[in-house]
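I opened the file to look up charged side-chain pairs and the pairing of some strands. My notes are below.

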Amino acid sequence: DGSLKNLKLAYPDRIDLHQGVTIVPDGGFSYSVEDTAAPYLPAKRFWGINIASDMEALRFPQGKDGYIGWKDFLTAYARFLESALVNNPDLNLILFPHIFKDVLSIGEFMTHLDDRLCRDRVIVAPFACGWQACDHIFALYKQCELVMGMRFHTNVCSIALDVPAIPLISYPKLHDLYEELDLLDRAVYANR
């Protein structure tokens with residue numbers, strides 16, 4: 001996730017801090033889930049979506065060197081997903097909240113989607129924290145044919161489950177993750 005790179009940037013003269021540091025992957029990379037944990041979903045095709053608006057000034061510094069704001073992102077992303085849903089009648093969305101603020105972001109995002117699509121083609125995953133919810137949430141991720149997300153752990157979950165992932169980068173940690181994995185060709189900079 002770029003932690004070692006950030007350590008070196010923060011303390012460039014402290015070589016002793018850099019030596020002997022072992023880089024280990026986030027625990028989510030080794031989490032697995034049984035197929036029996038999958039909840040029943042009536043549809044067959046899903047794209048998983050995670051959007052994040054916390055630290056809005058950092059994520060969406062509107063007006064700074066071509067960056068767009070949060071509202072502009074919501075409008076553009078909603079139009080993109082509406083087009084995908086209209087052109088693929090069997091496609092559905094699962095919106096994944098990871099923190100409480102994501103629940104608010106999802107609500108705001110859904111106001112930008114056509115109401116008929118929200119009623120019939122969008123599922124919001126539960127906001128359930130802790131180990132008790134892991135199997136359920138991972139099972140939902142596993143049912144997606146594609147995941148697009150802004151959160152680090154949205155991307156970790158997808159990669160761990162071999163679900164194709166597109167990072168919607170609006171925060172450096174996600175860029176650093178894909179840079180370390182040599183997968184920056186997948187990156188979409190959501191704030192541009």
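These entries cover the salt bridges and then the strands.

**Entry 1, salt bridges.** I am working from a predicted model. I looked up how many salt bridges there are and got a count of 9.

I looked at Arg 45 and found its side chain in a salt bridge with that of Glu 145, at 2.6 Å from N to O. The two residues are 100 apart and link distant parts of the chain. Arg 45 belongs to strand β1, residues 45-50, while Glu 145 sits in the loop between α7 (134-142) and β4 (146-149). I then checked accessibility. Arg 45 is partly exposed at 22% relative accessibility, and Glu 145 is also partly exposed, at 35%.

**Entry 3, Arg 79 and Glu 82.** Next I took the pair inside helix α4, residues 70-87. The closest N and O atoms of Glu 82 and Arg 79 are 3.0 Å apart, and I noted a salt bridge. Because they are 3 residues apart in this helix, about one helical turn separates them. Which of the two is buried? I looked up both values: Glu 82 has a relative accessible area of 15% and is buried, whereas Arg 79 has 39% and is partly exposed. Glu 82 counts as buried because its 15% is under the 20% cut-off.

**Entry 4, Asp 115 and Arg 119.** I found a further salt bridge between the side chains of Arg 119 and Asp 115, with 2.6 Å from N to O. Both residues lie in helix α6 (residues 115-121), 4 residues apart, or about one turn. Arg 119 is exposed at 66% relative accessible area, and Asp 115 is partly exposed at 44%. I also recorded a network: salt bridges with shared partners join Asp 54, Arg 59, Asp 102 and Arg 151.

**Entry 5, strand β5.** I turned to strand β5, residues 165-169, and asked how many of its 5 residues are buried. The answer is 4, and I put the strand down as mostly covered.

I looked up which strands pair with β5. With β4 the sense is parallel, over 3 bridges; in one of the residue pairs, Gly 149 has Pro 167 of β5 as its bridge partner. With β6 (residues 188-189) the strands also run parallel, joined by 2 bridges, and Ile 169 has Tyr 189 of β6 as its bridge partner.

β4, helix α8 (residues 152-160) and β5 form a right-handed β-α-β unit. β5, helix α9 (residues 172-180) and β6 form a right-handed β-α-β unit as well.

Technical notes: Residues numbered from 1 in each chain as written. Predicted model: local features only at pLDDT ≥ 70, side-chain atom pairs only at ≥ 80, totals over all residues. Heavy atoms only, no water. Buried < 20%, exposed > 50% of the residue type's maximum accessible area, 1.4 Å probe, protein only. Pairing = 2+ DSSP bridges. Right-handed = clockwise from strand over helix to strand, strands pointing away.
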